[in-house]
Amino acid sequence: MAYDITMLTYTPDLRYIDHSRARIVCAMRYSHIAKARKCYSAGTLANRLGSMDAVKSFHVFMDEAGRAWPEPISLNPPCQPAFSYDEMLLADLCIAAARNDRTPFEQMIEDMLAPSARNALWAASTRLMRNIAAVAR
């Protein structure tokens with residue numbers, strides 16, 4: 001049986017995933033591009049995330065991730081439907097936090113981040129997902 005290398009390099013397609021993951025990844029991409037082009041709008045990001053509280057907690061989450069990550073976070077351009085590995089991991093961390101499921105959250109990053117960084121990222125991601133969920137109710 002031949003080994004398929006594409007299985008190692010596969011990441012989800014933004015067009016075919018659940019709305020929560022897509023919303024988080026689109027917010028990451030928007031924030032990065034808009035800040036680089038000096039046209040960032042918290043209101044535009046609030047439209048994507050649902051509220052200004054979600055915007056504030058999104059920025060805290062991204063700051064914590066940026067501090068904790070061993071190298072710069074890799075984002076794909078907005079026209080790329082496939083996730084980068086970092087986008088996929090950060091979105092998965094947020095989904096685990098939304099489910100209040102600490103075990104898979106830890107398992108995804110325990111080899112990569114120190115306990116203090118994991119704790120800070122857990123707190124930031126649970127706050128973000130709580131603020132996003134509050135709007136959905």
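Arginine 118 and glutamate 106 are both buried in this predicted model, where buried stands for under 20% relative accessible area, exposed for over 50% and partly exposed for what falls in between (1.4 Å probe, protein chains only). The two side chains form a salt bridge, their closest N and O atoms being 2.5 Å apart; the term refers to a side-chain nitrogen of Lys or Arg within 4 Å of a carboxyl oxygen of Asp or Glu. Because arginine 118 belongs to helix H7 (residues 115–136) and glutamate 106 to helix H6 (residues 102–109), the pair ties together parts that are 12 residues apart in sequence. Helices here are DSSP runs (H or I, at least four residues), numbered from the N terminus.

Residues are numbered from 1 along each chain as its sequence is written, and side-chain values use heavy atoms, with hydrogens and water left out. As the model is predicted, local features need pLDDT of at least 70 and side-chain atom pairs count only at pLDDT 80 or more, while totals for chains, interfaces and linings use all residues.

In total, the structure holds 6 salt bridges. One of them joins arginine 29 to glutamate 87, at 2.8 Å from N to O. Arginine 29 sits in helix H2 (residues 19–36) and glutamate 87 in helix H5 (residues 85–98), so this pair ties together parts that are 58 residues apart in sequence. Arginine 29 counts as buried, at 4% relative accessibility, and glutamate 87 is buried too, with a relative accessible area of 0%.

Arginine 21 and aspartate 18 also meet in a salt bridge, at 2.5 Å from N to O. Arginine 21 counts as buried because its relative accessibility is 19%, whereas aspartate 18, at 32%, counts as partly exposed. Together with Asp92, these two residues are linked in a network of salt bridges.

Attention now turns to the nonpolar cores, each a set of buried Ala, Val, Leu, Ile, Met, Phe, Trp, Tyr and Cys residues joined through side-chain atoms within 4.5 Å. The largest has 33 residues, of which Leu49, Phe58, Phe61, Trp69, Leu90, Leu93 and Leu121 touch the most other members. At least two residues of this core come from each of H2, helix H3 (42–49), helix H4 (52–68), H5, H6 and H7. Leucine 93 is in contact (heavy atoms within 4.5 Å) with Trp69, Phe105, Met108, Ile109, Leu121 and Ser125, leaving aside residues up to four places away in sequence. Another core, of 5 residues, lies apart from the largest one and includes Leu14, Ala22, Val25 and Ala91.
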